[in-house]
Amino acid sequence: MRLNHLDLPVRDIAQTRAFFEAHLGFTHVRTLGQDGLAILTDESGLVLVLSRWPKDPLAAYPGGFHIGFLLESEAAVQARYDDMLSAGVNLPSPPDHRRGGFQFYFEAPGPILVEIGYRP
């Protein structure tokens with residue numbers, strides 16, 4: 001069994017879609033409605049669905065919720081960090097070694113906490 005898709009509610013579908021395409025290697029497949037639901041895929045076949053944020057003004061992802069992407073090496077993690085930093089993405093701290101890997105975290109539009117890392 002493998003994870004087929006992930007549906008993430010976001011505040012601005014178009015902004016989040018553009019971010020995932022520009023910085024995380026996703027490809028836009030289609031959008032349903034007036035930016036009502038965006039469907040993206042990555043090179044491994046994961047389908048990422050971006051849907052509308054709930055109307056509840058108190059809605060939020062639970063503390064600690066995040067999504068993570070693994071790259072093939074520490075050098076790839078550092079290169080992704082450098083590319084994103086030079087593109088103006090707000091990255092709170094550089095990659096470092098922790099919990100058995102080499103990774104960094106940042107908040108993507110959504111807001112979605114994202115981890116990019118390498119684990120040997």
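Q: How far apart are the mean positions of the positive and negative charges of the protein chain?
A: This is a predicted model, in which local features need pLDDT of at least 70, side-chain atom pairs count only at pLDDT 80 or more, and totals for chains, interfaces and linings use all residues. Residues are numbered from 1 along each chain as its sequence is written, and side-chain values use heavy atoms, without hydrogens and water. Lys and Arg count as positive, Asp and Glu as negative, with His and the chain ends not counted; each charge is placed at NZ of Lys, CZ of Arg, CG of Asp or CD of Glu. For 10 positive and 14 negative charges, the mean positions are separated by 7 Å.

Q: Which radius of gyration does the protein chain have, and why does it agree with a compact globule?
A: The radius is taken over C-alpha atoms, and the globule rule is 2.2 Å times the number of residues to the power 0.38. With 120 residues, the rule gives a value near 14 Å, so there is agreement with the chain's 15 Å.

Q: Which residues touch the most other members of the largest nonpolar core?
A: Such a core joins buried Ala, Val, Leu, Ile, Met, Phe, Trp, Tyr and Cys residues through side-chain atoms within 4.5 Å, where buried means under 20% relative accessible area with a 1.4 Å probe, protein chains only. The core has 28 residues, and those with the most touching members are Phe20 and Phe106.

Q: What share of the 120 residues in the protein chain is buried?
A: In soluble globular proteins, nonpolar side chains tend to be buried together. In this chain, the buried share is 38%.

Conventions
Buried < 20%, exposed > 50% of the residue type's maximum accessible area, 1.4 Å probe, protein only.
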